[in-house]
Amino acid sequence: MPCMPTLTLSKWSDAAGRAFDVDADEQGLLDLLARLAALEDRRPEAYLQAVNSHARRTGRHFAKTELVDGYRQLVAAGKLAEDPDLLRRITRKPMRTHSGVAPLTVLTKPFPCPGECIFCPTFASLPKSYVPDEPGSLRALQNAFDPFRQTRSRLAAFQAIGHSAGKIELLILGGTWSAYPREYQTWFVQRCLDALNGVESTSLAQAQQINESAAHRNVGLVIETRPDAISPREVAHLRRLGVTKVQLGLQSLDDRILALNKRGHTAAEMRQAVRLLRGAGFKIVLHWMANLYGDTLESDYADFLRLWSDPAIRPDELKIYPNSLLKETELYRDYYLKGLYQPYAEQDLVALIARCKPHVPPYCRINRIFRDIPSPHIVEGNKKTNLRQLVQQHMAGQGSRCRCLRCREVRRQQVDPRQLRLHILPYDTDVTREFFLSFVTPEDGVAGFLRLALPRSSAVVPIAEVADAAMIREVHVYGPALGVGKQGQGEAQHRGLGRRLVCMAERIARDEGFSRLAVISAIGARAYYRRLGFTLGDLYMTKPIRTISA
Ligand code: SF4
């Protein structure tokens, strides 16, 4: 199989194609890097103050990409000693990989969606629901929706800003995944993996096998689809593609609201989809919308509470998408212009979400509370992309607090493993007994967690291969993204937390009467689970649970 050239970016160029000339600013750059290396105050304000006090010869400040590229060039020229801690500090957007995994988003080609949701925009050049100047859309358009080119260009971007891309979570977005022909889906995933592997494959299975030991390993594969597209057959197909996490558009649990907004499915269908996915061990991300046509602030609040009181729902992650009113929707044309729909005022929306968030249980992660739609597209209502901060300020003013996973994860903090305590949170769904295991710092930060699902009976597991097994649905240990095999400096990654969590899960499963433990492993995590005693079956990895003699 032909090898493709290794991706290297020895010289950074700005958006206009001008190379950054380190020689012209060498002394200024050395001074600034020395100051940043010596900076004891780790707050972002201190970092920015230092950067802003060192201008380039042109009079403007160093961009973060210039700092990273300049650092590399100076180290390569022997003019600066290698300093991993400094490199970590100057890496742009550290938040993007604080969970130890670099997220890489790609979009599928424009394709009809079976849904007719009145709030969903249509642009001929894009998959349903996407807007042309969203960052992900722009990148996809630039690369003609080609999965290989999109993936390679994101890898190049990670490298240019100093991120390790050793562990990649691949997020495939674009309307409804299940509506695309299966041949297209298979080809799309294979080409993404080819790009990660740097090697052309002849089949998806071959691309998956190569990725097990590739430099850019796929440690999570996420798709988004509709609840009425989920069936036992679809679940098995997703697993064969290597999918580990499914995003489902829930939007509301109120059948009246679903019908008014022409969602085309019911709350009962949503429950069945979640059941099937949970029974098969997938991580479940739900999208919930506020301010749909027919909603009120009170009905939204009541609906949000149902996410947790209904044992058939209880998602692992949630995206809160307040309805953004766009001109390219039926909602705008046939409802708003006729005075039948009115977006909430910003302060009402902030108060609503601040009222909802404290109800989120610690096992759930709130990934977003606003969809990143460029404000010129939004006709009326909230246009602020920092809605999360506004909500946090509102909550702080009221003395309330969110304990969702995102609000508690340790991010880039140093973790002392001796001070971590194991916390076990059991909870029930209508098809499983779930255990959310987490290592928690004295300050209530989460350094790592594991999701264990114990099916109530083999009948709730749609895939025969694992019908009798306890299922590890997720293991996640936080820390900045590291290349495979590299060691961090005190972050939670690579400190054996994952192994300890898996041991504890095995013990719980044994105590609950299970004799086999399965894991829904991403392709790039297979080697890790092999080291823990798991072997690869058809769609899952499993191991027998050791019994303890009396
Ligand atoms: S199912 Fe999703 S993509 Fe399709 S029309 Fe509805 S909101 Fe848009």
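A cavity is taken here as a set of points, on a 1 Å grid over the protein atoms alone, where a 1.4 Å probe fits but cannot get out; its lining residues have an atom within 4 Å of a point. Grid points are joined across faces, edges and corners, and a volume is the space filled by probe spheres set on the points. The structure is a predicted model, in which local features need pLDDT of at least 70 and side-chain atom pairs count only at pLDDT 80 or more, whereas totals for chains, interfaces and linings use all residues. Residues are numbered from 1 along each chain as its sequence is written, and side-chain values use heavy atoms, with hydrogens and water left out.

The model contains 2 cavities of 30 Å³ or more. The largest cavity has a volume of about 80 Å³ and is lined by 13 residues, with N291, P322, N323, L349 and N382 nearest its centre. The second largest cavity holds about 50 Å³ of space. Its lining includes R278, T432, P455 and M471, and α11 (267–279) and β10 (446–455) each supply at least two of the lining residues. Helices (H or I, at least four residues) and strands (E, at least two) are DSSP runs, numbered from the N terminus. The second largest cavity lies between domain 3 (246–408) and domain 4 (417–544), because both give residues to its lining; the domain bounds come from an automatic or database domain assignment.

The structure holds 31 salt bridges, each defined as a side-chain nitrogen of Lys or Arg within 4 Å of a carboxyl oxygen of Asp or Glu. R451 pairs with D316, the closest N and O atoms being 3.4 Å apart. R451 lies in strand β10 and D316 in the loop between α12 (297–309) and β6 (317–322), so this pair ties together parts that are 135 residues apart in sequence. R451 is buried at 1% relative accessibility, and D316 is buried at 0%, where buried means under 20% relative accessible area, exposed over 50% and partly exposed in between (1.4 Å probe, protein chains only). Salt bridges that share partners join D316, E434, R451, R473 and E474 into one network.

A second salt bridge links E330 and K262 (2.7 Å, N to O). E330 belongs to helix α13 (residues 330–336) and K262 to the loop between α10 (255–260) and α11, so the parts tied together are 68 residues apart in sequence. E330 is buried, with a relative accessible area of 18%, while K262 is partly exposed at 36%.

Definitions and conventions:
1 Å grid on protein atoms, 1.4 Å probe; cavity = no way out; pocket = protein on both sides within 12 Å on 5 of 7 lines; lining within 4 Å.
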